[in-house]
Amino acid sequence: MGPKKGGGAAKPGEEVEGEDPGVLLQNYQKFCKTIGLPANPCVAKNLTDEEKFPVKQIIIDDESGPLGPGGTRALMTAVMGGGPGMKGGPYKLLESLRIWRSNAGDDGVAAIAEVLRLGGAEVKINYLELLDNNIGARGCLAFGYALAKGNNVSLLNLNLDYNRDIGALGVANLTRGMRTNVSLRILSMQYCGITSEAGPHFSEILSNAKSGLEELILNGNRLGGIGLKAICEGLHVNKTLTKFSIGDNMIDQTDEDLDALTTFREVLMNGTTQIASVDLLYNRIGQVGGEIMLPAVDGEDKNKNITEFLVDISLPMELFEKLHKAGGGKKGKKGGKKGGKKKKK
């Protein structure tokens, strides 16, 4: 493998310690051999494509077979450069890691969390995406410790979508660190099997006075009105969140749901919230629920920060047109219908 190309302080022909993807690949292959695993071709593909030098992003999918817990551990050990016989030290250029449908599991996630916790000074990963990787509560606990105050400060975006075993316990475990985290900006946990019991834990994260969280994306879970109302306790005091997505979360028209919507409206109208984008799509809040929310976006005391407010087109059309904002402050039939197409059940 040749030396690093393009960018950085290195001169052509120089090898810079901690910046050579060839060394990272060798370390990965060596560790795979040590633990008796075949090296995943997708890793080599990421680290040998000269058009992508310097290599700052690694993307792994299931095209060449799942990386698995052992393969994830091998890659992370190589990134840290701390395995037996490895050379070059930590790989310092890595900024973005995306592992999709690769069965990393809780053991693989624990290895990633160790890089975040121990390697943050030299391996500054700021974007981490782990879609559909069979992550559960134990993996979230590892992330919780890694993201606690005093540990990682580089991670800005954490995406755990489609890990359906996370559930409320996983959120509780993640909260152990997230409640003191000051650096994360975006947390996405869509379709993670999260129930109403997780509401107070999200509230705890949002209540952190030093939180930097700007986007909380929770679509496709089962929080319901009970979960939403609990989250509102944190939203009420939070001053950083600008995007809140709770679409497709079984918020309906029961007394509990309508009570939660009333509380959410009060949050949006409290004069201190920074929320500008709200997603309530695929929640059957009905005409009563829509009318409860209307003053927040179309009343005399409306929240003037809101430029996007997504609701289901199943609402009466006149009410839908008043509520629905498709972004940029625009509203109306054209944008509303496109964004509010009803989901098939």
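Modeller: The account below begins with the paired strands and then turns to the salt bridges.

This is a predicted model, in which local features need pLDDT of at least 70 and side-chain atom pairs count only at pLDDT 80 or more, whereas totals for chains, interfaces and linings use all residues. Residues are numbered from 1 along each chain as its sequence is written, and side-chain values use heavy atoms, with hydrogens and water left out.

Helices (H or I, at least four residues) and strands (E, at least two) are DSSP runs, numbered from the N terminus. Two strands count as paired if DSSP finds at least two bridges between them. Strand 1 pairs with strand 2 (residues 96-99) in the parallel sense, over 4 bridges, and Gln57 stands opposite Ser96 of strand 2. Strand 2 also pairs with strand 3 in the parallel sense, over 3 bridges; here Arg98 has Glu129 of strand 3 as its bridge partner.

Strand 1, helix 3 (residues 68-80) and strand 2 form a right-handed β-α-β unit, and strand 2, helix 4 (residues 105-118) and strand 3 form a right-handed β-α-β unit. A crossover is right-handed if, with the strands pointing away from the viewer, the path from the first strand over the helix to the second runs clockwise.

The peptide bond from Phe53 to Pro54 is cis, with omega near -10°.

A salt bridge is a side-chain nitrogen of Lys or Arg within 4 Å of a carboxyl oxygen of Asp or Glu. The whole structure contains 7 salt bridges. In one of them, Asp62 pairs with Arg101, with the closest N and O atoms 3.6 Å apart. Asp62 lies in the loop between strand 1 and helix 3 and Arg101 in the loop between strand 2 and helix 4, so this pair ties together parts that are 39 residues apart in sequence. Asp62 is partly exposed, at 36% relative accessible area, and Arg101 is partly exposed at 40%; buried means under 20%, exposed over 50%, and partly exposed in between (1.4 Å probe, protein chains only).

Another salt bridge joins Arg185 and Glu214 (3.8 Å, N to O). Arg185 lies in the loop between helix 6 and strand 5 and Glu214 in the loop between helix 7 and strand 6 (215-217), so the pair ties together parts that are 29 residues apart in sequence.
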